[in-house]
Amino acid sequence: MKQGKLGICIIGAGRAGMIHAMNFCRSIPRASLRAIVDPNRETAERAAKELDVEQVYTDYREALADETVDAVVVVTPTVYHREIVLAAAAAGKHVLCEKPMAMNESECDDMIAACKAAGVKLQLAFMRRFDESFVTAKRQIDEGLIGEVVLVKSLTRGPSTPQPWMYDIRKSNGALAEVGSHDIDALRWFAGSEITELYAVGGNYRCREIAEEYPDFYDNVALTVRFADGKSGSMDGAMGVQYGYDSRVEILGTEGVIFLGQTHERTILTATRDKHLHRPFMNSWRSLYKEAYWAEDCDFVDCILEDREPRVTGLDGKMAVRVVEAGNRSLSEGGVIRLGKI
Ligand SMILES: NC(=O)c1ccc[n+]([C@@H]2O[C@H](COP(=O)([O-])OP(=O)(O)OC[C@H]3O[C@@H](n4cnc5c(N)ncnc54)[C@H](O)[C@@H]3O)[C@@H](O)[C@H]2O)c1
């Protein structure tokens with residue numbers, strides 16, 4: 001800790017990395033952004049200039065040896081999460097790790113064990129759990145406002161065409177991992193129970209030009225789940241939908257229902273003489289969850305400084321990865337998958 005502030009290092013200065021970086025740089029009073037890591041020097045230097053951060057590294061190991069760094073935010077492609085989190089724990093740095101936590105359950109176990117052994121915090125970046133509406137919904141459920149929860153539905157659809165590295169499902173774990181992780185976490189959180197059974201269907205409807213080379217690739221997926229306590233749930237995920245960023249949740253109880261999600265980017269609504277209404281659709285997760293990212297980063301700092309358990313843990317990350325793996329199995333083999341005991 002330097003000047004009473006927690007020193008933060010961002011590992012991976014891409015799309016999501018820059019959101020965390022800007023939060024830590026501008027508006028989190030008890031933390032300061034000390035360093036940026038990216039193997040692409042140009043990316044790292046551009047980010048450091050934009051954020052006015054002095055220290056730039058191209059190898060995360062150098063950042064982990066930096067004594068002014070107390071905690072790291074791991075925002076690299078998922079395939080590197082395990083390796084970096086293990087090294088961070090060994091160096092005694094607290095970790096905020098982006099979703100999906102890792103490529104498989106066993107990697108998640110390694111990460112949880114390493115952070116526990118080193119006595120450092122491990123928080124998973126399911127930022128929707130810090131969104132004001134999500135938090136209110138959870139409180140209303142706990143207070144019994146909609147009776148007992150019966151069904152949880154969640155969807156996420158992204159506008160942009162998938163990145164080429166996503167085409168190989170064995171390497172990327174597909175849309176269930178990249179897009180669906182948040183929905184899987186929302187299902188578990190609002191149901192307050194673990195998923196024990198699932199069935200997935202999906203297909204490639206928008207990227208047909210790569211279908212021959214990557215026959216397993218899917219850009220649309222729907223998952224039906226059963227929870228340990230008998231509740232039901234479903235989620236759907238899609239990439240390349242073009243119309244906008246669409247993220248909504250519905251929680252049905254015995255005495256009511258909760259709807260979450262905002263489809264419009266701004267409040268403007270324009271009526272024209274052809275009797276049409278015009279309203280800009282939500283464009284990006286960056287706008288919809290801007291405040292949630294900030295609240296998540298603030299809470300990470302508070303957890304470390306107040307020595308308390310993060311609100312979203314390694315176990316939450318692992319349970320989502322477990323469902324992703326089972327969902328991909330259901331897609332490739334067909335049929336219902338029953339998940340074993342934890
Ligand atoms: N919470 C969310 O809603 C959300 C949104 C987007 C991405 N993500 C997650 O964040 C992670 C990064 O995704 P992105 O979209 O920002 O990717 P990106 O491709 O935009 O950025 C990744 C960056 O990591 C860098 N990198 C690669 N290997 C590295 C290494 N070994 N050490 C340090 N940096 C390395 C790359 O050069 C790149 O600049 C993924 O796990 C993704 O699933 C989460």
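**Figure 1. Helices α1 and α2 run roughly parallel to each other.** In this predicted model, α1 (15–26) and α2 (residues 41–51) pack at an angle of about 30°, with 10 Å between their axes (lines fitted to C-alpha atoms over the stretch in contact; angles run from 0 to 180 degrees between N-to-C directions). The pair is therefore roughly parallel (under 35 degrees). Helices are DSSP runs of H or I with at least four residues, and strands are E runs of at least two. Residues are numbered from 1 along each chain, and side-chain values use heavy atoms, without hydrogens or water. Local features need pLDDT of at least 70 and side-chain atom pairs 80 or more, whereas totals for chains, interfaces and linings use all residues.

**Figure 2. Helix α9 crosses helix α12 at an angle of about 115°.** The axes of α9 (residues 181–191) and α12 (residues 314–333) lie 9 Å apart. At this angle α9 is therefore roughly perpendicular to α12 (65 to 115 degrees). As α9 passes α12, the crossing is right-handed.

**Figure 3. The largest pocket has a volume of about 1,100 Å³.** A pocket is an open set of points on a 1 Å grid where a 1.4 Å probe fits, with protein on both sides within 12 Å along at least five of seven lines. Of its 45 lining residues (an atom within 4 Å of a point), Arg15, Ala16, Trp165, Glu178 and Trp285 are the closest to the centre. Helices α1, α4 (81–90) and α10 (285–288) each supply at least two lining residues, and α4 gives the most, with three. The lining comprises 21 nonpolar, 15 polar and nine charged residues, with Gly counted as polar. Both domain 1 (6–128 + 292–312) and domain 2 (131–289 + 320–338) contribute at least three residues to the lining of the largest pocket.

**Figure 4. A cis peptide bond joins lysine 99 and proline 100.** Omega of this bond is about -15°. Proline 100 belongs to the loop between β5 (94–97) and α5 (105–118).

**Figure 5. Aspartate 52 has a positive phi, near 60°.** Such a value occurs here in a residue other than glycine. Aspartate 52 sits in the loop that links α2 to β3 (55–57).

Definitions and conventions
Grid points are joined across faces, edges and corners, and a volume is the space filled by probe spheres set on the points. Domain bounds come from an automatic or database domain assignment. Angles under 35 degrees count as roughly parallel, over 145 as roughly antiparallel, 65 to 115 as roughly perpendicular and the rest as oblique. A crossing is left-handed if the near helix is turned anticlockwise from the far one by less than a right angle, and right-handed if clockwise.
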